[in-house]
Amino acid sequence: MREYLSNIWNSIWTPLVGMRLTWKRLFIPAVTLQYPEERWQLPPNSRMQLFVNMDDCIGCAQCERACPVNCITIDTVKAIPEDVKETSTGHKIRLHVTKFDIDMAKCCYCNLCTYPCPTECIYMTPSFEDSAPDRFDLLYHFTQIPPEKAAELEEKARKFDEAEAASKAARGRERATAGAV
Ligand code: SF4
Ligand code: SF4
C-alpha cells in the first residue's frame, strides 16, 4: 500500500518539478522575438554583407591585398587618357575594373578590406539575410563591364601602348640624329 501511494505521489510531483522553469517563465515577459516578423536592432558597427560602389572604384586592389582569406578577385585594364574619369571623391580612374568578385561564402566578415580603400567605395551594408541554397550564389559580381567590352578595352589599351612605344622610339631616333649633326 505504501509503495502504491508513493508511486501516485511521484507521478504528481515529478511533472511539477520538470515544469518548474515553465511555470516560472509563464508570468514574465518573453525575451524571444518572432523572427522574421520581429528583428533585433543591431549595433551600427555590425559586420554584414559587403557592397562595392563601382562608380567610385579605381581598381587599386588594396582591398584585395588586405583580405586575409583571398575572397576578393579584381582584374583591371589600363584606361587610355581620353577614357580617364573621376570618382565622386576626386580620384582619377586610370583603370577599368573588368572583374570585381567577392566570394561571400569565404568571407570571414573581418572588415579589413574596407579600411585601405582610398575612395571608401567598399563597405558593409546593414543586410545580413542573404543566405543561398547554392554556395556559388554567394559569389558576388560587382563589375558592370561585360566580357566583350573588357576584351575591347584590352585591345584599345594594347594599341595605345604600341603607339606610345613607336612614338617614343621615333623621338629617340630624332634626338640621336640631331646629336650626330
Ligand atoms: S571582410 Fe575580411 S574576409 Fe571579407 S572580403 Fe573583406 S577582408 Fe576579406
Ligand atoms: S580598395 Fe577600393 S578603390 Fe581600390 S580596388 Fe578595392 S574597392 Fe576599388
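Helices, meaning H or I runs of at least four residues, and strands, meaning E runs of at least two, are taken from DSSP and numbered from the N terminus. What I am showing is a predicted model, in which local features need pLDDT of at least 70 and side-chain atom pairs count only at pLDDT 80 or more, while totals for chains, interfaces and linings use all residues. Residues are numbered from 1 along each chain as its sequence is written, chains are lettered from A and ligands numbered from 1 in the order in which they are written, and side-chain values use heavy atoms, with hydrogens and water left out.

Let me begin with the backbone. P36 is found in the loop between helix 2 (20-26) and strand 1 (50-52), and a cis peptide bond with omega of about 5° joins Y35 to P36. Further along, A61 lies in the loop between strand 1 and helix 3 (62-66), and A61 has a positive phi, near 65°, although it is not a glycine. For context, most residues other than glycine have a negative phi, and most peptide bonds are trans.

A61 also brings us to the ligands. Among the 13 residues that surround ligand 2, the closest are C57, C60, A61, C63 and C117, where near means that a heavy atom of the residue lies within 4 Å of the molecule. This shell divides into 11 nonpolar, two polar and no charged residues, with Ala, Val, Leu, Ile, Met, Phe, Trp, Tyr, Cys and Pro counted as nonpolar, Asp, Glu, Lys and Arg as charged, and the others, Gly among them, as polar.

Three strands form an open sheet in the order 2-5-7 with antiparallel pairing, two strands being paired if DSSP finds at least two bridges between them. Strand 2 (72-78) and strand 7 (139-141) stand at the edges, each with a single partner strand, so one side of each is left without a neighbour in the sheet. Strand 2 pairs with strand 5 (residues 95-103) over seven bridges in the antiparallel sense, and the bridge partner of I72 in strand 5 is I102.

Finally, helix 4 (residues 147-180) lies across strand 2 and strand 5, running at about 45° to strand 2. Contact here means heavy atoms within 4.5 Å, and the axes are lines fitted to C-alpha atoms, for helices over the stretch in contact, with angles running from 0 to 180 degrees between N-to-C directions.
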